[in-house]
Amino acid sequence: MQRSMVRPSPVFIGLLVLTVGGALLTYVKNQTALQAGIFILVMGGWAVSLCLHEFGHAIFAYRGGDREVYFKGYLTLDPRRYTDPVLSLLLPLLFLAIGGLPLPGGAVWINHRALRSRAVESSVSLAGPLANLLVAIVLAVWVGVFDPYPPIAAGLSFLALLELAAFVLNILPVPGLDGWGAIEPYLSYEARVFGAKARQWAPLILFALLIAVPGVSRAFWDVVQALYGAVGGDEFYAAVGQSLFFFWR
């Protein structure tokens, strides 16, 4: 693979710089600067992870036989190249800022006919959520091992929790989500037709249930919290980070 295929774009590098800037802002001995720093750190880190999520789909598709993802620019980590920057970045960031719900971004366009097998199709779908899982593990372990400056530890811990929530949400076998895409190649023709028809509205119903039905929301976050503990996440730091992130509540 040519090196240029996976070279980060200036926009992606800018997101990394913004995230680091948010972390540095937390060192200012001021409550407003602290809250702003945590907000920028989490939002910037979340935007970076959305890029990695989409890149995960694209790189697995490329290795699985779909060369079109290269020519569409998906392998550059450039969010402007994704299917819809509004669906992939802006709306997920907005919903995250408003309610803390880590919505999945819009997926890259994959030429499924070019993929070599059903197993490859499944791996392409799972690659995005697994990117979120990997980011969460790295953040949780980094906080636990290096014990960074407490505000930064709080921001990174809350971000790790959100990454795990995105992982759990995305692997649900609901049409329109990556979990459905992972099992779809093995389903009957009738089930796949149903999934294609439900793709537009099934995620909306799921999100409505998560927001409006306390039992559903509680069960979802219980799973996320259990997974967070399993990867070594610090619940205290995550709670502090969440409180600082939602400074307007």
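Biologist: What makes Ala131 count as buried?

Modeller: The model is a predicted one, and in it Ala131 has a relative accessibility of 15%; buried means under 20%, so Ala131 counts as buried. Ala131 is found in helix H5, which covers residues 118–146.

Biologist: Which residues is Ala131 in contact with, leaving aside its neighbours within four places in sequence?

Modeller: Those residues are Leu52 and His53, where contact stands for heavy atoms within 4.5 Å. As for Phe167, its C-alpha lies 8.3 Å from that of Ala131, although the two are 36 residues apart in sequence.

Biologist: Why are Lys72 and Glu68 said to form a salt bridge?

Modeller: Their closest N and O atoms are 3.7 Å apart, and the cut-off asks for a side-chain nitrogen of Lys or Arg within 4 Å of a carboxyl oxygen of Asp or Glu, so the pair is called a salt bridge. Lys72 is partly exposed, with a relative accessible area of 33%, and Glu68 is partly exposed as well, at 36%.

Biologist: How many salt bridges does a search of the whole structure find?

Modeller: The search finds two. Besides the bridge of Lys72 with Glu68, there is one in which the side chains of Glu184 and Arg199 meet, at 3.5 Å from N to O. Glu184 lies in the loop between helix H7 (178–183) and helix H8 (189–198), and Arg199 in the loop between H8 and helix H9 (202–212), so the pair ties together parts that are 15 residues apart in sequence.

Biologist: Are Glu184 and Arg199 buried or partly exposed?

Modeller: Glu184 counts as buried, because its relative accessibility of 17% is under the 20% limit. Arg199 has a relative accessible area of 34%, which falls between 20% and 50%, and is therefore partly exposed.

Biologist: How do you know that the buried residues of H1 are on the same side of the helix?

Modeller: In H1, the residues Phe12, Leu15, Thr19, Gly22 and Ala23 are buried. They cover an arc of only 100 degrees around the axis, which puts them on the same side of H1. The buried residues pack against helix H2 (31–63) and helix H6 (150–170), whereas the face turned away from the buried side carries the exposed residues Pro10, Val17 and Leu24.

Biologist: What span does H1 reach, and what is expected?

Modeller: H1, residues 10–25, has 16 residues and reaches 22 Å from its first C-alpha to its last, close to the 22 Å expected at 1.5 Å a residue.

Biologist: What makes the phi of Leu77 worth a remark?

Modeller: Most residues other than glycine have a negative phi. Leu77 has a positive phi of about 60 degrees although it is not a glycine, and its place is in the loop between helix H3 (68–71) and helix H4 (85–99). With a relative accessible area of 8%, Leu77 is buried. Asp147, which is not a glycine either, has a positive phi of about 45 degrees; this residue is found in the loop between H5 and H6 and counts as exposed, at 55% relative accessibility.

Biologist: Which residues make the nonpolar surface patch?

Modeller: The patch, of about 500 Å², is made by Phe194, Trp201, Ile205, Leu209, Val213 and Val216. Val216, which lies in helix H10, has a relative accessibility of 32% and counts as partly exposed; patch residues need over 30%, so Val216 passes that cut-off.

Notes:
Residues are numbered from 1 along each chain as its sequence is written. This is a predicted model: local features need pLDDT of at least 70, side-chain atom pairs count only at pLDDT 80 or more; totals for chains, interfaces and linings use all residues. Side-chain values use heavy atoms; hydrogens and water are left out. Patches are made of residues with over 30% relative accessible area and no salt bridge: like charges are joined within 9 Å, nonpolar side chains (Val, Leu, Ile, Met, Phe, Trp, Tyr) within 5 Å. Accessible areas come from the Shrake-Rupley method with a 1.4 Å probe; for residues, only the protein chains shown count as cover. Helices (H or I, at least four residues) and strands (E, at least two) are DSSP runs, numbered from the N terminus. Buried means under 20% relative accessible area, exposed over 50%, partly exposed in between (1.4 Å probe, protein chains only). The expected span of a helix is 1.5 Å times one less than its number of residues. The arc is that of the directions from the helix axis to the C-beta atoms.
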